[in-house]
Amino acid sequence: MSEGDGTEGKTAPQVERPGAQAKAFNTAVATAGIAAVVFIIGVVVGFPLATFGVEFLTGNAGVVFGLLFAFLVLVLVVTGLLMIFRKTIWERLFRRGEIEMERFARPLSEVARFAALQKVAEATESARDLAELVLARYAWVSTRRWLMATITAFIAAIAALAGSALLFQQNQLLRTQIGLMEDQNARIAEQNRFIEAQIELGEAQRSTSIVPEVLEVGTLVGAEVQALRARGVAAPAIADLSSALKSRILAALTAARPYRYLQTPLAGLDEQAVMNSGLLRRTDLPAAAILRDRLAVTGVTLDLTGEQRGVMADRPLSPERGQIVAILLGNGLVDITNLGGGDFGFAEIRGQRPSRVSFGISTLRFANFDGEYVTECSFDGTYLEHARFRNARIEGSRFSTFSLPSISGGSPLVKGAELSGTDFSAAQLINVTFEGSRGFGIFFDNAVLNRLNFKNTDLSGSTFRGTIFGAVDFTGASLKSVDFDGALVFDPEFLTTVAAQAAPDTFDPTRFRLDPITPAEFETHPRWAAAWLDGLEEKQAYKVVRIGDFN
């Protein structure tokens, strides 16, 4: 500058920077707007989803979308107000209301003119006006773009949320449909069970047509027994019957096929359960709860206060074959050994109390002696695979060997009872011998055993879980994979004794241990009241605990 231009010693005026205001405004508006959109969507959608779940959103979709559309309308209203009052707003913020493109020409020309005239102050002022116009234009364009982007994004969010809500609704309907299909499948399965039961009951009805023949056989047996006694035969046997009658008995046994039928849950109760079940009505007594638990352990679920419905037998039985046995026993024919070829398999022996009956080498596979009182009976050499003696009381009986005469005249053939799968669960076996018999997987769970003879018996795979042991002899018995877990004994050397008696290499005592128990723990056993062990029950009781796995 020259000295005469009057500018010496002057400094440039402090110019306000409206760009900072515009930039701060854009940042603040963008942040506040995005935060508001996210907050509103989070409150309207996220909070119900997190608090009440998807079901709330799908169940109140109208309310949710109503709120979202209300917020969209609010954004549109704000946008409209900004469009209408933009000049006033921009004048307050930037002191400029005109931001059209043609407004840029005047301050631009003035900047050029004052610069040519070397008028710094005027040029600076014009440049300031130009900057304000530029920044105001930039602020308006940015704000408008943000508003349009926000509205577009919000509409897209609503559309996406609508699709998600429809997807949620579709999933809910699918879940409902799956539930209905499962219920339908359950009803179809129940219907199939009813159809199967109907078919089986129809088969049972056809099978029971043999009953008149059974009654006729009973009449003929009674007549022949009376005739034999009249001729001086004091104890008639089946061998004394006529060949025609024995053939008719065999034919009736063959015609009496096994089938399933409706059983009442009260029919299988033993005497002890029937006697004690009256306490089950006293729900306020602790003894009633203990009794209910004991019955449940033995497989009996009894509720005398509720409705007792008949249920299908879990496997086929033949009450007619049981009736034939009852007819023979009722007429004093207690030796069924000589009824060669007679098949008593699946026979339901109920209410007969077999006493001093010989079933030697008979076929009693799948027969049912549940709850019976069997006294001094012989099952020597009998085929008893999968027969049931659950909750039965067996005293003085034999499941041992039977000698068959040799056809060639040599040594007789010795045959042991076949007991694979025979079930003695919760039974009382007193003074019973199994010597020489054979069975795989025999069940003695929760039974009471005293004065039992298992000499030379093959018990491989059998279970004695929860069994109460009195005096039991395992001399020479094969005890491969036999499980004594939970059994109660009164001999602290029980495991050592069994290992010494068992057949070599068939019992590993290290697989178990003995834990002493208190009398109170002993009394919680389901068959505690039936444990009459010649005084052994008064001694210290031990519980067998299995600690090793089977090979």
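Is Arg438 buried, exposed or partly exposed? In this predicted model, Arg438 has a relative accessible area of 41% and is therefore partly exposed. The side chain of Arg438 takes part in a salt bridge with Glu418, in which the closest N and O atoms are 2.9 Å apart. This pair links distant parts of the chain, since Glu418 lies in the loop between strand 6 (413–416) and strand 7 (428–433), whereas Arg438 lies in the loop between strand 7 and strand 8 (448–453), 20 residues apart.

Asp445 forms a salt bridge with Arg465, the closest N and O atoms being separated by 3.9 Å. Here again distant parts of the chain are linked, with Asp445 in the loop between strand 7 and strand 8 and Arg465 in the loop between strand 8 and strand 9 (468–469), 20 residues apart. Asp445 counts as buried at 14% relative accessibility, while Arg465 counts as partly exposed at 38%. Lys455 and Asp473 also meet through their side chains in a salt bridge, at 3.9 Å from N to O. Because Lys455 lies in the loop between strand 8 and strand 9 and Asp473 in strand 10 (residues 472–473), this pair ties together parts that are 18 residues apart in sequence. Lys455 is partly exposed, with a relative accessible area of 30%. Through shared partners, salt bridges join Asp445, Arg465, Asp483, Arg546 and Asp549 into one network.

Helix packing was described for two pairs that involve helix 11. Helix 8 (residues 243–255) packs against helix 11 (residues 319–330) at an angle of about 150°, with the axes 9 Å apart, and the two helices are therefore roughly antiparallel to each other. Their contact is made by Ile249, Ala252, Leu253 and Thr254 of helix 8 together with Arg321, Ile324 and Leu328 of helix 11. Helix 7 (residues 211–230) and helix 11, by contrast, pack at an angle of about 10°, with their axes 10 Å apart, which makes helix 7 roughly parallel to helix 11. In this second contact, Val211, Val214, Gly218 and Val221 of helix 7 meet Glu320, Gln323, Ile324 and Ile327 of helix 11.

Ile336, found in the loop between helix 11 and strand 3, is buried, with a relative accessible area of 0%. Although Ile336 and Phe359 are 23 residues apart along the chain, their C-alpha atoms are separated by 5.4 Å. Beyond its neighbours within four places in sequence, Ile336 is in contact with residues including Ile238, Phe344 and Val357. Arg356 lies in the loop between helix 11 and strand 3 and counts as exposed at 59% relative accessibility. Most residues other than glycine have a negative phi, yet phi of Arg356 is near 55°. A positive phi, near 60°, is also found for Asn391, a residue in the loop between strand 3 and strand 4 that is buried, with a relative accessible area of 11%.

Cys377 likewise lies in the loop between strand 3 (373–375) and strand 4 (393–395) and counts as buried at 2% relative accessibility.

Key
Residues are numbered from 1 along each chain as its sequence is written. This is a predicted model: local features need pLDDT of at least 70, side-chain atom pairs count only at pLDDT 80 or more; totals for chains, interfaces and linings use all residues. Side-chain values use heavy atoms; hydrogens and water are left out. Helices (H or I, at least four residues) and strands (E, at least two) are DSSP runs, numbered from the N terminus. Buried means under 20% relative accessible area, exposed over 50%, partly exposed in between (1.4 Å probe, protein chains only). Axes are lines fitted to C-alpha atoms, for helices over the stretch in contact, and angles run from 0 to 180 degrees between N-to-C directions. Angles under 35 degrees count as roughly parallel, over 145 as roughly antiparallel, 65 to 115 as roughly perpendicular and the rest as oblique. Contact means heavy atoms within 4.5 Å. A salt bridge is a side-chain nitrogen of Lys or Arg within 4 Å of a carboxyl oxygen of Asp or Glu.
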